[in-house]
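Welcome! Take a look at the structure below, and then we will walk through some of its contacts together.

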Amino acid sequence: MTETAVGLILHTREGVAYRFDPGALCLELLPTGGPEAPGGYEVMRTPADLAAWAGRSRLRVDPALVEAGPGDVERARALRDALWRIASAHAHP
């Protein structure tokens, strides 16, 4: 039985690819931006961005099958921002 790799493929500023596997789906939201993100970047701006993330994440869902609206994006960003605060508080007590 072949094991499928999980996590996201991210790239350094130099373009070198690496796998980010935080061990939990919810933590895969962190590289999409947020209040603690380096440089304050934001990747999840539209429903299409949320669907694309779902396709790249360990969900491995076809983005064309994701039915998301602007409210879903706002809720996903709120969850992600809360996760940033929790992870930061845990890492820096």
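## A buried arginine

R80 is buried, with a relative accessibility of 1%; buried means under 20% relative accessible area, exposed over 50%, and partly exposed in between, using a 1.4 Å probe and protein chains only. R80 is part of helix α2, which covers residues 70-91. Helices (H or I, at least four residues) and strands (E, at least two) are DSSP runs, numbered from the N terminus.

Before going further, a word on the model: it is predicted, so local features need pLDDT of at least 70 and side-chain atom pairs count only at pLDDT 80 or more, while totals for chains, interfaces and linings use all residues. Residues are numbered from 1 along each chain as its sequence is written, and side-chain values use heavy atoms, with hydrogens and water left out.

Which residues does R80 touch? Leaving aside neighbours within four places in sequence, R80 is in contact with L29, L30, T32, G33, G34, E42 and M44. Contact here means heavy atoms within 4.5 Å.

## T32, a partner of R80

The side chains of T32 and R80 are joined by a polar contact of 3.1 Å. A polar contact is a pair of N or O atoms within 3.5 Å; within protein, one must be able to donate a hydrogen and the other to accept it, and residues adjacent in sequence count only if both atoms are side-chain atoms. A polar atom of the T32 side chain also lies 2.6 Å from the backbone oxygen of L29.

T32 sits in the loop between β2 (17-20) and α1 (47-56). Is T32 buried or exposed? With a relative accessible area of 4%, T32 is buried. Not counting residues up to four places away in sequence, T32 touches Y41, E42, V43, M44, W53 and R80.

## Salt bridges

How many salt bridges does the structure hold? There are six, a salt bridge being a side-chain nitrogen of Lys or Arg within 4 Å of a carboxyl oxygen of Asp or Glu. R80 belongs to a salt-bridge network that links E42, R77, R80 and D81. Within this group, the side chains of R77 and E42 meet in a salt bridge at 3.4 Å, N to O. R77 lies in helix α2 and E42 in the loop between β2 and α1, so this pair ties together parts that are 35 residues apart in sequence. R77 is partly exposed at 23% relative accessibility, whereas E42 is buried at 15%.

With D21, the closest N and O atoms are 2.5 Å apart. R58 is partly exposed at 24% relative accessibility, and D21 is partly exposed at 42%. The side chains of R58 and E28 also form a salt bridge (2.6 Å, N to O). E28 counts as buried, at 0% relative accessibility.

## The nonpolar core

In soluble globular proteins, nonpolar side chains tend to be buried together. The largest nonpolar core here has 12 residues: L8, L10, L29, L30, M44, L50, W53, A54, V73, A76, L83 and W84. A nonpolar core is a set of buried Ala, Val, Leu, Ile, Met, Phe, Trp, Tyr and Cys residues joined through side-chain atoms within 4.5 Å.

Which element gives the most to this core? That is α2, with four residues.
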